[in-house]
Amino acid sequence: MTSEVLSTDEKARPETVSSPRRVPLSRGLSTKLLLLTIVFVLLAEILIFLPWIASYRVNWLKERLSTAAAVSIVLLQGEPNSLSHTAQNDVLMAIGAKAIAVRDGGVSRLLVVADMPPKVDEHVDIANVGLVNGMTGALETLFAGGNRMLRVFGPVGDSDKEFELIMPDYSLRNAMLRYSRNVAVVSLLISLFTAMLVYAAIDLIMIGPIRTMTRSILSFSEAPDDPGRIICPTERSDEIGVAERELAQMQDRLQKMLSEQKHLADLGLAVSKINHDMRNILASAQLMSDRLRQVKDPTVQSFAPKLLRALDRAVAYSEGVLAYGRTQEPAPSRRRLRLRQLVDDVHGLLDIEEGIEFINAVDLTFEVDADSDQLFRVLTNLCRNSVQAMAADTESAVVRRLAVSAERSGSVSRITVTDTGPGLPPKARENLFAAFRGSARSGGTGLGLAIAHELVRAHGGTVELVESIGGRTVFAVTIPDQPVRLDQARGSLRRPA
C-alpha cells in the first residue's frame, strides 16, 4: 500500500506543480539587477543634468554679453555714427542679437540696433541668476523656446557700466539641444559601464552564491535521500556564508529524518504483516480458552478470567497495530475506573522473576477517570520497563522493588510508579519519549515510553520523570477528570426526579 501511494504521488506531482524548475534569464536576479542599475544611474544623471544645463545656459549668455560689451566699448570710444548700417547689421548678426545698449551713470544709450522687437518675453539678470531660476529658465528654453525674445543685462568684468543685449533664443536653444544630446550619450555610456561594474561585483559577491544555493535546493528536492545533493558551504563569514551553512545543516537533518521515516515505514509494514497473522493465532487461542470455563477445577476457574482478559487485550492490541498505519490512536473512551483492580491486572500480566517485589499501594476506593485499555497499556509499559531495569541486577543483596501508588488533588489524579533500579542513563533522559532513541537498555526501542506519552496526552494529562538516581526512579502519570459540559449539567438538573 505504501509503495502504491508513493507511486501515485510521484505521478501526480508534475501535474500539480506549476512553478518552473529553472528561472529564465529574462526574469533572473542578474537581469533585474542590471536593468535597475541602469535606470538608477540614469535617474541620477537626470538630477545632475538640471544644474548642468542651467549653468550652460548662463555661461552661453555671458559669452554673448561679453562680446556685446567689447563692441560697445569700441563704439563708445569712436564717433557715434562711425559704423554704417551694414556694419551694424554685421556686428549684430555675429552676436545673434537685435540690439545692444549700455547704461552708464543711470543713463541708457542704444548703441547698435537692427529691428527692435515689439516685446521681450524674458528678462535675464546675469548677475542675479539663482539655481532654481536658472533651472526653470533652462527648461523653458528647451521645451518652449525657439521663438522667444530675451533681454540679457548685467555688468561685464570690472567695468562699472551695465550692458544690455536683446536677442532671440533659437540659437541658444539649438546649442542647449546639442549639449543635452552629448550629455545623454555620455550618461548612457556611464550608466552601462557602471551597471556592468556593479553587476559583476554583486554577481560575484551575492547573486552567484544565491544561484548556487537555488540549484542546490532544486537538486536536493529531486533526490533528498542522496547525500551528494547536500550543498557544500563555503568559509564565508557574511550573511551568505551563514545561509549556506544553515542550508547544509537543514538538508542534513532532513535527509536523516527521511531515512528514519523510511525505516519506520518499512518496520510498520513488517509489524502489520506479523500482527495480521498474530491476530488470527490469538483469536484461535481465545476460542480454546473459552472452553476452560467449563472445567470445574478451582485452580483453572481462578486463572481462566485473567487469561481471557489477557487474550482479549492482546487481540485488541493486534487490531490497533494493524490500524496504526491508517490512523492515530483512537480517542479515549473514558469511564470511572477502580485503579487498584487495574494495577492488579497489570501485575498479573507482567513476567516478574523471583526476587522482585511488586507493591500495589493504591487505595481500594481510589477512582480514576480514564480509558481502561489505554491506561492499562500505559501502566504496563512503565512497569515492564522498571522490571527489565531491575532484572539486570543479579546481586542478591540488592533490593528490587516496584511500587504503584496514587493520590488525588481536586479533579486531578496522579499515579506514581517507583522502582529501585539503577536509574536512566543520560542519553535516555535526553530522548525520553522519542521512539527508537529513548531506550534505557541495549537493544531496546524506546517505544514503551513513546506510546505511554501519546496515550496520556490524549487524556489531557502528562507523563514525567520525577526522579532518576541509582536505586530510585520515579515516573508520574497525571490525568485530569473530564470537564463537565455546562449544557449537559443544566439538562440533568432540569429533569424531574
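Mentor: A nonpolar core is a set of buried Ala, Val, Leu, Ile, Met, Phe, Trp, Tyr and Cys residues joined through side-chain atoms within 4.5 Å, and we shall apply that to this predicted model.

Trainee: How many residues does the largest nonpolar core have, and which of them have the most contacts inside it?

Mentor: The largest nonpolar core has 35 residues, and those with the most contacts inside it are Leu339, Leu375, Leu379, Cys383, Leu402, Val404 and Val477. Among the elements that each supply at least two residues of this core are helix 8 (339-349), helix 9 (372-391) and strand 12 (472-480), while the largest share, eight residues, comes from helix 9.

Trainee: Which residues does leucine 375 touch, leaving aside those up to four places away in sequence?

Mentor: Leucine 375 touches Leu337, Leu339, Leu342, Val368, Ala370, Ile415 and Ile479. A second, separate core has 29 residues, including Ala54, Ala68, Ala69 and Leu111.

Trainee: Why do the buried residues of helix 8 line one face of the helix?

Mentor: The buried residues in helix 8 are Leu339, Leu342, Val343, Asp345 and Val346. Seen down the axis of helix 8, these buried residues fall within an arc of 155°, so they line one face of the helix.

Trainee: What makes valine 185 count as partly exposed?

Mentor: Buried means under 20% relative accessible area and exposed means over 50%, so valine 185, at 48% relative accessibility, counts as partly exposed. Valine 185 lies in helix 5 (residues 170-222), and together with Leu188, Leu189, Leu192, Phe193, Met196 and Leu197 it makes a nonpolar surface patch of about 680 Å².

Notes
Residues numbered from 1 in each chain as written. Predicted model: local features only at pLDDT ≥ 70, side-chain atom pairs only at ≥ 80, totals over all residues. Heavy atoms only, no water. Buried < 20%, exposed > 50% of the residue type's maximum accessible area, 1.4 Å probe, protein only. Helix = DSSP H or I, 4+ residues; strand = E, 2+ residues; numbered from the N terminus. Contact = heavy atoms within 4.5 Å. Arc of directions from axis to C-beta. Patch = residues over 30% accessible without salt bridge, like charges linked within 9 Å, V, L, I, M, F, W, Y side chains within 5 Å. Areas by Shrake-Rupley, 256 points an atom, 1.4 Å probe, with all protein chains shown as cover. Salt bridge = Lys/Arg side-chain N within 4 Å of Asp/Glu carboxyl O.
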